[in-house]
Structure formats: C-alpha cells, structure tokens
Amino acid sequence: MTLDAREDAWRHVGSRDPAGGTGEVRRATCCVIGCGPAGAVVGLMLAREGVDVLVLEKHADFLRDFRGDTLHPSTMEIMDELGLADGLLRLRHAKAPRVRARLPGRTITVADFGHLKTRHPYITFMPQWDFLDFVTKEAGRYPNFRLEMNAEARELIQEDGVVRGVRYETPDGSREVRALLTIAADGRSSPFRRQAGLKVVSTSPPIDVLWFRFSRREGDPEDTFGYAGDGRFMAFINRSDYWQVAYVIPKGADRRVRAAGLEAFRRSIGEAVPELADRTEELREWEAVKLLSVQADRLRRWYRPGLLCIGDAAHAMSPVGGVGINLAVADAVAAANALAGPLKAGRVRSRDLAAVQLRRELPTRAIQALQSFAQRRVVASSLRPGGAPSLPAPARALLRLRPVRDLPARIIAFGIWPVHVGRRAPLASAGGTPTERKETTR
Ligand SMILES: Cc1cc2nc3c(=O)[nH]c(=O)nc-3n(C[C@H](O)[C@H](O)[C@H](O)COP(=O)(O)OP(=O)(O)OC[C@H]3O[C@@H](n4cnc5c(N)ncnc54)[C@H](O)[C@@H]3O)c2cc1C
C-alpha cells in the first residue's frame with residue numbers, strides 16, 4: 001500500500017478520475033463506508049487522533065425505526081473515556097437497571113446490573129438516530145472529519161490486489177474516494193465482503209422476530225421484561241412513552257402467523273401479558289408489524305490489503321441479548337486503537353489489520369456461541385406448543401451460585417474482553433465549538 005493520502009488529503013478534484021472515468025475524485029487517509037454505530041465511532045476516534053476521515057452514508061438521515069437502541073455499560077464506559085457520556089445522557093433516554101423474564105406462574109431476574117462495578121450499571125435505551133447524530137456532531141468538531149450523506153458506496157477500487165478506495169453514487173452523480181484504508185462498516189448485507197473475496201461463515205438461527213410498538217400508560221410496569229412459555233417468547237422494552245415489542249417466531253413462520261389473522265396475534269399477546277391486553281387494539285394492520293429475519297454470520301478473515309470490515313459487516317449478530325451495537329462500537333474502538341498510528345504514518349500493513357481481527361474475533365465468536373445456545377435452549381424451546389425455557393440440570397445448579405448468577409449481567413453489560421479507548425486527545429484540539437461538516441447532497 002503505497003498511496004500516501006496525507007499529501008493531498010481532502011483534495012477535492014472535480015475532474016477525471018485516474019481510472020479514466022468522469023466522476024469527482026476525493027482523497028482521504030481513511031474512507032469509512034456506512035455511518036451506523038461502527039462507522040460513526042471509528043470515524044470519530046480516528047478524527048480525534050488526527051487522521052483524515054471521510055464517512056459515506058447512503059441515507060439522507062439516521063431516522064430508521066426498529067434498529068438496535070440499547071447502549072450497554074461497555075459502550076457507556078467508552079463514551080466516558082471519550083469524555084462524551086455526560087453529554088450523551090443529556091439526550092432523551094430510558095434506563096433499565098435489570099432485565100426480568102415472566103414465565104408461566106413466576107417471574108425471574110435474568111440480569112441485574114446493579115451489582116456491577118461501573119459508573120453506568122444499567123442499559124441505556126436511546127433511539128439509534130439520536131446516538132448517531134450525537135456521535136457525528138462530536139466528530140464534526142474535528143476539521144479532518146467529513147460525513148457525506150446520500151452517498152452510496154457501490155464498488156471497491158482495486159489495483160494490483162490492493163483496495164484503494166471506493167466508487168459511490170450521490171444524487172449529483174458518481175464519485176470516487178481514494179484512500180489509504182477503506183473500512184467497510186455498512187452492516188449485515190455488505191456487498192464489499194464478496195467484492196473483496198472474503199469468505200462468510202453463516203449459521204442458521206432458528207428464529208425470526210416481529211417488531212411493533214404499543215403506547216405506555218400510567219401504571220404500566222417500569223421494567224423492561226421478557227415473557228417465555230406456552231409456545232410464546234416476547235420482549236417488552238420500556239421506551240418511556242411506548243413499549244417496543246419483539247415477538248419471536250420460529251424461522252420462516254411469518255406468513256403462517258399473518259395468515260392466522262391479526263385477531264389471533266393480538267390475543268396471543270394479551271394472554272401472555274394481560275395488563276397490556278387493552279393496548280393490542282392499537283395494532284390495526286399488519287403494516288405496523290415489521291419482520292426481522294434473524295441472521296448470524298462471520299467473516300473468516302476481516303481484511304485484505306487496503307480493506308477492513310468491522311461491526312455487522314464482519315459478523316452479523318442475532319438480536320438475542322441486544323448486543324449488536326455494543327460489539328460494533330467495540331470493533332470501532334479496537335480498529336481506531338490499532339490503526340490511528342499506522343494511518344498517520346501513511347503505511348498500513350496487513351498485520352495491522354490482522355491485529356484488529358485478533359483483538360475482536362474471539363469475543364465475537366464467544367458471544368455468537370452464547371447467543372446460539374440461548375436461541376436453542378431458551379428461545380426455540382419456549383416456542384414449541386406448551387414449551388418453556390429449558391436449561392440442562394448442571395446449568396440450573398450452577399446458576400444457584402451468586403458469582404455464576406451474575407454472569408449473564410456481566411456478559412450482557414461488558415461482553416467478553418472489553419475494549420477501552422487507547423489514547424486521549426483533548427477535545428480542545430478540535431477547535432472549540434462544534435462545526436459539523438456534514439455534506440448532504442440534497
Ligand atoms: C430490528 C433490529 C433490532 C435490533 N435490536 C438491537 C438491540 O436492541 N440492541 C443491539 O445492540 N443491537 C440490535 N440490533 C443489531 C444492531 O442494530 C446492529 O448489530 C448494529 O447496528 C450494527 O452496527 P453497524 O454499524 O455494524 O451496522 P449498521 O447499524 O447496519 O449500519 C450500517 C450503516 O451503513 C449504511 N450503509 C449500508 N450500505 C451502504 C453503502 N453501500 N454505502 C453507504 N452506506 C451504507 C447503512 O445505511 C447504515 O447506516 C438490531 C438490529 C435490527 C435489524
């Protein structure tokens with residue numbers, strides 16, 4: 001990789017591209033494809049370290065409903081280390097200090113975060129678009145951070161086996177960015193993994209999820225909780241003024257559930273959680289119920305010369321445990337820690353990229369294995385007619401011990417082998433007041 005993007009970083013050439021095309025050519029030391037949690041955080045952290053970053057986001061804004069909205073203690077600690085947690089918590093949010101599950105005839109505490117040694121012993125529920133707006137505004141304080149909205153990356157630029165950037169589309173036409181390193185943070189359907197010849201290992205989770213919302217009313221339960229049993233598995237997430245509901249179904253059962261009719265669906269929810277039965281009337285049409293086809297996979301290798309995949313692009317996560325955002329943020333921090341130095345030096349070697357995978361692969365695979373276990377033993381077994389969550393007898397015995405009982409809370413809160421921000425640069429270096437440099441093409 002010899003492209004020295006530092007020489008003419010941000011040169012914005014409205015002329016012919018070197019490959020003979022006619023699109024505009026931009027240059028950046030690092031180009032990030034996708035501004036989800038992984039892309040936004042790696043962009044912020046690299047900019048904070050003085051690296052020229054261009055983040056491309058295909059949508060015009062971050063307003064997408066039913067995305068992961070849970071910030072776990074691991075992510076809040078990272079925000080603390082960046083000096084941003086207090087600002088983030090000034091935004092509208094809800095806190096869940098524990099997660100409970102109702103089973104037929106009894107309620108159990110699945111995870112109690114109150115025992116954890118952390119400044120943030122709770123899950124923070126915040127709309128993902130607010131989190132992304134906040135992070136990109138903070139990143140915009142650095143003059144070397146750029147975010148181009150309405151910019152859809154289409155094709156990697158590859159020369160002599162090295163990725164040199166990406167061609168992308170805007171409402172004003174085609175462009176390309178040439179970069180020392182391209183980071184694919186474009187989520188679970190990333191086409192760049194295939195373009196780069198990276199192999200995907202897929203698993204088949206036995207579940208899909210239907211998402212919808214009900215209003216919250218005075219007197220409703222405060223806690224976020226789950227219901228498991230009698231062939232049903234649901235999660236009710238307290239989002240202050242509404243409940244976000246996840247109704248888990250066997251893989252591929254969406255058409256069958258819809259064919260049985262909305263009335264049967266409403267009844268099934270009301271029977272499980274009688275105090276919310278009156279709210280089921282709010283579901284007047286199936287359009288209000290969105291299907292999440294649960295998918296889990298991982299790349300064998302997360303990189304090749306000039307390209308690194310992080311977040312869901314490297315490992316699509318099942319929604320079990322609500323950990324996807326937090327793993328994506330951890331990848332971003334690990335990538336920035338490992339790569340800021342090489343990027344500033346103008347030379348990124350494959351072993352620098354391998355270091356990111358080495359730091360993050362084991363924790364990710366361990367969490368995916370735990371999700372797969374929970375899907376089979378807890379979720380799928382609850383979905384069988386008359387079924388209930390089942391754990392092997394030794395696991396039940398172990399869960400009576402306090403340290404073991406706290407493990408689910410620990411793992412949900414911090415994952416495995418948590419990542420921390422490597423270096424600190426004072427925010428003042430960004431130039432005081434926020435000057436967001438968001439380029440929105442229409
Ligand atoms: C319905 C649903 C519920 C979920 N619930 C939770 C939860 O409660 N908690 C949790 O932690 N996780 C949850 N997840 C998972 C979580 O949302 C993801 O794991 C997390 O967002 C991954 O972050 P990411 O940055 O890697 O990818 P994404 O969040 O997918 O972000 C990718 C970004 O790239 C952009 N993009 C895509 N293609 C291109 C392109 N070609 N050019 C430019 N930009 C592009 C997209 O618009 C998007 O903004 C949920 C996911 C879904 C779908």
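Trainee: How many aromatic pairs does the count come to?

Mentor: Six, by the ring rule. Rings of Phe, Tyr and Trp (its six-membered ring) pair if their centres lie within 6.5 Å; planes under 30 degrees apart count as stacked, over 60 as edge-to-face and the rest as tilted. Keep in mind that this is a predicted model: local features need pLDDT of at least 70, side-chain atom pairs count only at pLDDT 80 or more, while totals for chains, interfaces and linings use all residues. Numbering starts from 1 along each chain as its sequence is written, and side-chain values use heavy atoms, with hydrogens and water left out.

Trainee: Why is the pair of F225 and W243 called edge-to-face?

Mentor: The ring centres are 5.7 Å apart, and the limit is 6.5 Å. The planes sit at 75°, against a cut-off of over 60, so F225 and W243 are edge-to-face. F225 is in strand β15 and W243 in strand β17, 18 residues apart; strands here are DSSP runs of E, at least two residues, and helices are runs of H or I, at least four, numbered from the N terminus.

Trainee: What makes F225 count as buried?

Mentor: Buried means under 20% relative accessible area, exposed over 50%, partly exposed in between (1.4 Å probe, protein chains only). F225 has 4%, so it counts as buried. W243, at 0%, is buried too.

Trainee: And why is W417 called partly exposed?

Mentor: Its relative accessibility is 46%, which falls between the two limits. W417 lies in the loop between α12 and β22, and has a positive phi of about 55° although it is not a glycine. Most residues other than glycine have a negative phi.

Trainee: What about S240, buried or partly exposed?

Mentor: Partly exposed, because its relative accessible area is 34%. S240 also has a positive phi, about 65°, and is found in the loop between β16 and β17.

Trainee: Which residues have the most contacts inside the largest nonpolar core?

Mentor: L46 and F131, in a core of 83 residues. Helix α8 gives the most to this core, with 12 residues. A nonpolar core is a set of buried Ala, Val, Leu, Ile, Met, Phe, Trp, Tyr and Cys residues joined through side-chain atoms within 4.5 Å.

Trainee: What does L46 contact, beyond its neighbours within four places in sequence?

Mentor: Its contacts (heavy atoms within 4.5 Å) include C30, V51, I183 and A336.
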